[in-house]
Amino acid sequence: MNGEYRLAYDGGEDAFVAFEHVQKSYDGETLVVKDLNLTMPKGEFLTMLGPSGSGKTTCLMMLAGFETATHGEIKLGGVSINNIPPHKRGIGMVFQNYALFPHMTIAENLAFPLEVRKLGKAEREQKVRRALDMVQMGEFGSRRPAQLSGGQQQRVALARALVFEPELVLMDEPLGALDKQLREHMQFEITNLAHDLGITTVYVTHDQTEALTMSDRVAVFNDGRIQQLAPPDELYEAPGNSFVAQFIGENNTLAGRIKSMRGEDVTVELDTGEIVAAKAVNVTGAGERTLVSIRPERVEIDTEKLGPDAQTIRAEVLEFIYMGDIFRTRLRVAGRDDFIIKTRNSPDQRRLKKGEVISIGWLPRDCRALDA
Ligand SMILES: Nc1ncnc2c1ncn2[C@@H]1O[C@H](COP(=O)(O)OP(=O)(O)O)[C@@H](O)[C@H]1O
Ligand SMILES: [Mg+2]
């Protein structure tokens, strides 16, 4: 969904959520969020993805109103919310540790945000029932949180965040405590619910697979800054810098220096002497150091397949790993012994042997010259 909108969307006046030059310091010295600029259209599912300590939770807390920005402005529906207290922002929140009230029943937990908002009893009961049905927990209204499994508690937490029909929902690593199977199931439920109800969602995770599978767009955080903000396919296929290339998915990097540059086409002299052709991404000219980056699945061992433009290079097989659907082979390439290729387990696929010396290849456009 949102495909056309996403392309046409340039932030602009109609942004539903906007961070404008937002900075945050807890101690008055170090900035943990540095000049954050971000706009979201209504209905978007946006994920903040990044390593621990990169500032994701801080951004969510500022949006929710539990922390104040040291500098800059946060807007909701075009209006600055810097001075609006959390409970008046109309935002639903879900955290990793559910935070259900243990002494209340499930139904009472859900009714709580409605009581705070002074809704009458009949309306409360009707909304609670609807929210529980939405997450398939209709039968469990009279139980207490301790009488539910982790997954059921997380569903209730989700229902509680949605029960007062917020326009914006914030989720901070909400599935971190669940096992893999349940987590994948909940990922699916959350995105479906959000899209069906037209809710705008800011989701925080450090799990790249979760970010890629759930989101309309992903903001990759590192060191208090957004490194790249893009739809999942673009992040994976066209990482804008070395951090993103290495943080998202598996990636091979070879270090060298730009030898020549013509438009987008560069030749790179690797530190081990080989010359490779690549596509310039964020390098500016000859002489500059660079890391060239290539995805394992873009490397071919049958280099004929690639046609005359192929870049080929010598490789020594260090390890062959049978993984069922694919073969994962570790090679020594240009002095690095962590070069990974992935080949599909098709009937005619070669199974490489340790010690074998082969020629591998790729297309120059799949080899990206990034910052070193
Ligand atoms: N309440 C706080 N007081 C002081 N420092 C904090 C506080 N919360 C977070 N930090 C610091 O701010 C940085 C960003 O933290 P956080 O936003 O929690 O990152 P993330 O959610 O990406 O792991 C970290 O260095 C963290 O130690
Ligand atoms: Mg966090």
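The model is predicted: local features need pLDDT of at least 70, side-chain atom pairs count only at pLDDT 80 or more, and totals for chains, interfaces and linings use all residues. Residues are numbered from 1 along each chain as its sequence is written, while chains are lettered from A and ligands numbered from 1 in the order in which they are written.

The chain holds nine helices and 19 strands. Helices (H or I, at least four residues) and strands (E, at least two) are DSSP runs, numbered from the N terminus. Along the principal axes, the C-alpha atoms fill a box of roughly 75 × 50 × 40 Å. Of the 372 residues, 38% count as buried. A residue is buried if 20 or more other C-beta atoms lie within 10 Å of its own, exposed if 12 or fewer, and partly exposed in between; C-beta atoms are placed from the backbone. The domain assignment gives domain 1 (3-242) and domain 2 (250-371). Such bounds come from an automatic or database domain assignment. The C-alpha centres of the two domains lie 39 Å apart.

An open sheet is formed by four strands in the order β2-β1-β4-β5, with antiparallel pairing. Its edge strands are β2 (33-40) and β5 (79-80), each pairing on one side only. Strands pair if DSSP finds at least two bridges between them. Strand β4 (residues 71-76) is joined to β5 by two bridges. Here Lys75 stands opposite Ser80 in β5.

In helix α2 (residues 56-64), the buried residues are Lys56, Thr58, Cys59, Leu60, Met62 and Leu63. Gly65 follows α2 and has a positive phi, near 100°.

Strand β7 (residues 168-172) is largely enclosed by the rest of the structure, because five of its five residues are buried. In a regular strand the side chains alternate between the two faces of the sheet. In β7, Leu168, Leu170 and Asp172 point one way, and Val169 and Met171 the other way. Strand β6 (residues 91-95) pairs with β7 in the parallel sense over five bridges. Phe95 stands opposite Asp172 in β7. Five bridges also join β7 to strand β8 (residues 200-205), again in parallel. The partner of Val169 in β8 is Thr201. From β7 the chain crosses through helix α6 (residues 180-197) to β8, and this β-α-β crossover is right-handed. That is, with the strands pointing away from the viewer, the path from the first strand over the helix to the second runs clockwise.

The largest nonpolar core has 90 residues. Such a core is a set of buried Ala, Val, Leu, Ile, Met, Phe, Trp, Tyr and Cys residues joined through C-beta atoms within 7 Å. Leu110, Ala159, Leu170, Ala219, Val220, Val292 and Ala369 have the most contacts inside this core. Helix α5 (residues 150-162) gives the most to this core, with six residues.
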